[in-house]
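Hi everyone, thanks for making time this morning. Let me put the model up on the screen, and then we can walk through it together.

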Amino acid sequence: MSAAAPAAGGINARYGVSARRRRTDVAMRGVLLAGTAIALVPLLLIIYYLLHKGLSSMTSGGFFTSDPTGASAGFFGGAQKIGGIKSALLGTVEIVLIASAIAVPIGIGVALWLVEYGRNSVYANIIRFFVDVLTGVPSIVFGLFIYIVLIVGTGSTYAGWKGSVTLSLLMLPIVIRSAEVVLSLVPGALRESALALGAPRWRVIFKVVLPTAASGMVTGVLLAVARAAGETAPLLFTAGVTNVTTLNPTHYQNSLPLQIYNDFIAGTTQNFNRAWGAALTLVLLILIVNLSARFISSRSRLG
Amino acid sequence: MTADRTTPSSVDVSPDDTADGTERTRAAQPVPSAGPAPAPAPVSSSAGHALRLEQLRAFYGDAEQVKGIDLDFNAGEVTAIIGPSGCGKSTMVRCINRMHEEIPGAHAEGRVLLDGENLYGPTVDLVAVRRAIGMVFQKPNPFPTMSIFDNVAAGLKLSGARGGGLREKVEGALRGASLWEEVKDRLSEPGIGLSGGQQQRLCIARSLAVEPEVLLMDEPCSALDPIATLKIEELIEELKQRVTIVIVTHNMQQAARVADRTAFMLTGDLVEVGQTSDIFTNPRDSRTEEYVTGKFG
């Protein structure tokens with residue numbers, strides 16, 4: 001390869017881009033574009049099928065207002081009414097809300113301790129290590145763990161709150177890690193100036209650090225919520241499956257992922273259609289949560 | 001002076017403040033009581049508060065950054081600390097309100113006497129120390145979530161001071177920082193919307209709101225343009241009637257303009273301190289002369 005490759009008939013023989021470099025450039029751009037296109041294909045297919053199959057179920061009468069018992073009005077009329085997804089939708093919302101109520105305060109507390117007090121101490125690093133391990137634990141393991149401890153261990157049955165506890169275990173490392181990142185982004189100069197004003201550390205945390213980090217932490221929490229809302233395995237042997245709507249978390253509680261799972265097992269066309277509708281509902285639910293997270297983080301003061 | 005000043009350990013903090021302060025005092029280095037009994041610092045005759053450093057040492061881990069400094073800051077005066085980068089001048093100043101020990105692994109030894117009382121005593125409440133000694137940092141750092149008003153009020157709220165007259169106190173502090181006229185019509189706008197120089201005066205107002213006895217300024221103008229710098233310097237001239245001012249500066253001309261006395265530091269040692277005019281025109285130490293004439297630094 002000669003250092004002075006002849007320019008391809010350009011006006012400037014010294015500074016023109018060589019033909020070989022131009023060809024490589026075109027080829028590499030093509031490869032990258034093709035890779036992007038290939039990655040988009042399954043994504044677009046999923047969206048297409050969700051809309052194609054799910055939309056008609058979703059817009060059928062009573063899809064959101066009847067339970068999957070078929071007992072209530074409307075959905076898939078005729079002899080074989082199988083009902084909508086009311087219990088699953090409400091169940092998912094309640095289970096995830098309770099899970100957040102458990103995971104968010106604990107997670108933010110741990111993150112605050114790590115950033116404000118533990119810093120780089122050995123104990124803090126041990127905690128970080130275990131939080132990382134927790135992140136990598138498959139969700140079904142959390143489900144098994146709660147099954148052993150809260151169901152077999154207490155000789156009781158499935159209950160919505162046990163599903164919430166399982167999901168909160170899943171959310172905890174996500175909340176801790178994201179809150180830790182955001183809290184450590186709060187400039188040290190702000191803490192310093194508050195301390196230099198004669199503020200006790202707890203007041204610095206509550207009046208300066210937390211308000212500054214708030215929007216960023218909300219983003220992390222919402223991402224954890226979105227993650228938890230889509231989980232099937234942790235609820236399978238903790239919250240159980242049920243057809244009827246209940247808002248009592250000590251009873252079996254239905255959820256969207258489990259409704260989809262059950263409908264696929266049932267295997268009739270009507271079940272499949274309801275599963276598509278439930279899947280589209282779940283995706284939209286998570287999309288809303290994710291978009292809220294994006295909106296809030298775009299208003300973050302920490303960039 | 002000493003009589004009208006509550007001792008740091010008995011300042012009226014709310015119970016939870018005290019709990020916090022007590023817990024944090026563990027980090028304080030108990031000063032060895034051996035040695036000659038500390039004579040009360042000679043308090044300057046003018047109104048104000050005198051500050052004295054005795055054998056002040058500051059460490060980062062094992063590295064000694066400030067190597068035993070004895071220095072007096074006279075009441076009602078501006079004292080400038082000059083010296084090349086890394087000479088320990090910022091570290092030394094951060095020891096005065098005990099901010100140095102906030103850095104993990106850092107600690108300080110020796111005595112800092114404010115009106116004769118040792119701020120490094122074993123029962124001293126850091127919260128009370130920092131309320132008596134305000135600090136303005138290099139970069140203007142108003143609290144980003146707070147309005148102009150709240151930024152100044154934060155000084156009071158954060159330090160747990162209660163009682164009415166918040167509005168008057170905020171106005172007084174903003175007037176004291178020569179910022180009132182510029183912001184009086186937009187007190188509810190965010191503090192970070194101000195210009196750099198205004199932000200720095202906002203930070204000064206925030207410190208003044210707590211009514212400190214000493215104001216530490218760590219290169220307060222290094223991030224500002226010349227006009228904003230001039231305003232801060234005029235402000236320093238006014239403030240020294242009320243508070244004792246210690247200003248760290250990289251800018252020798254600034255020291256010459258604002259300081260009554262100037263101290264020159266080099267590699268953690270105090271080389272020379274004296275009247276500013278003497279330091280710049282007639283220094284006793286050859287190193288001082290070389291620095292102020294620009295031979296190094």
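Let's start with the buried residues of H4(B): B:Ile148, B:Asn151, B:Val152, B:Ala153, B:Ala154, B:Gly155, B:Leu156 and B:Leu158. By buried I mean that 20 or more other C-beta atoms lie within 10 Å of the residue's own; 12 or fewer makes a residue exposed, anything in between is partly exposed, and the C-beta atoms are placed from the backbone. Helices here are DSSP runs of H or I with at least four residues, strands are runs of E with at least two, and both are numbered from the N terminus.

A quick word on the source: this is a predicted model, so local features need pLDDT of at least 70 and side-chain atom pairs count only at pLDDT 80 or more, while totals for chains, interfaces and linings use all residues. Residues are numbered from 1 along each chain as its sequence is written, and chains are lettered from A and ligands numbered from 1 in the order in which they are written.

Back to our helix. With 8 of its 11 residues buried, H4(B) is largely enclosed by the rest of the structure. What covers those buried residues? The cover includes H6 and H7 of chain A, along with helix H5 (166-176), helix H6 (180-183) and H7 of chain B. After H4(B) comes B:Gly160, with a positive phi near 80°.

**Across to chain A**

Now look at the other side, helix H6 (residues 188-196) of chain A. Here A:Arg191, A:Ser193, A:Ala194, A:Leu195 and A:Ala196 are buried. Their cover includes H7 of chain A, and from chain B helix H3 (126-132), strand E6 (133-136), helix H4 (148-158) and helix H7 (196-209). Just past H6(A), A:Gly198 has a positive phi too, of about 90°.

How many residues of chain B are in contact with chain A? There are 26, and they meet 21 residues of chain A, where contact means C-beta atoms, placed from the backbone, within 7 Å. On the chain B side, helix H1 (15-24), H3, H4 and H7 each supply at least two residues. H1(B) gives the largest share, 4 residues. By type, that side divides into 10 nonpolar, 7 polar and 9 charged residues. For that count, Ala, Val, Leu, Ile, Met, Phe, Trp, Tyr, Cys and Pro are nonpolar, Asp, Glu, Lys and Arg are charged, and the others, Gly among them, are polar.

**The sheet in chain B**

Let me turn to the sheet. It is open, with 6 strands in the order E6-E7-E8-E3-E9-E10 (chain B) and mixed pairing; two strands pair if DSSP finds at least two bridges between them. E6 and strand E10 (269-275) of chain B are at the edges with a single partner strand each, so one side of each has no neighbour in the sheet. From one strand to the next, the twist averages 20°. H7(B) packs on the sheet, touching E6 and strand E7 (214-218) of chain B, and its direction makes about 170° with that of E6(B). Axes are lines fitted to C-alpha atoms, for helices over the stretch in contact, and angles run from 0 to 180 degrees between N-to-C directions.

Have a look at E7(B), where 5 of its 5 residues are buried. B:Val214, B:Leu216 and B:Asp218 point one way, and B:Leu215 and B:Met217 the other. E7(B) runs parallel to E6(B), with 4 bridges, and parallel to E8(B), with 5.

**Chain A as a whole**

Finally, chain A has 10 helices and 0 strands. Its radius of gyration is 26 Å, well over the 19 Å that the globule rule gives for 303 residues, so chain A is more spread out than a compact globule. The radius is taken over C-alpha atoms, and the rule is 2.2 Å times the number of residues to the power 0.38. Those C-alpha atoms fill a box of roughly 80 × 65 × 35 Å along the principal axes, and 40% of the 303 residues count as buried.

One last pair to find on screen: A:Ser56 and A:Gly277 are 221 residues apart in sequence, and 7.7 Å apart in space, C-alpha to C-alpha. Thanks, everyone!

Notes. Two residues are in contact if their C-beta atoms, placed from the backbone, lie within 7 Å.
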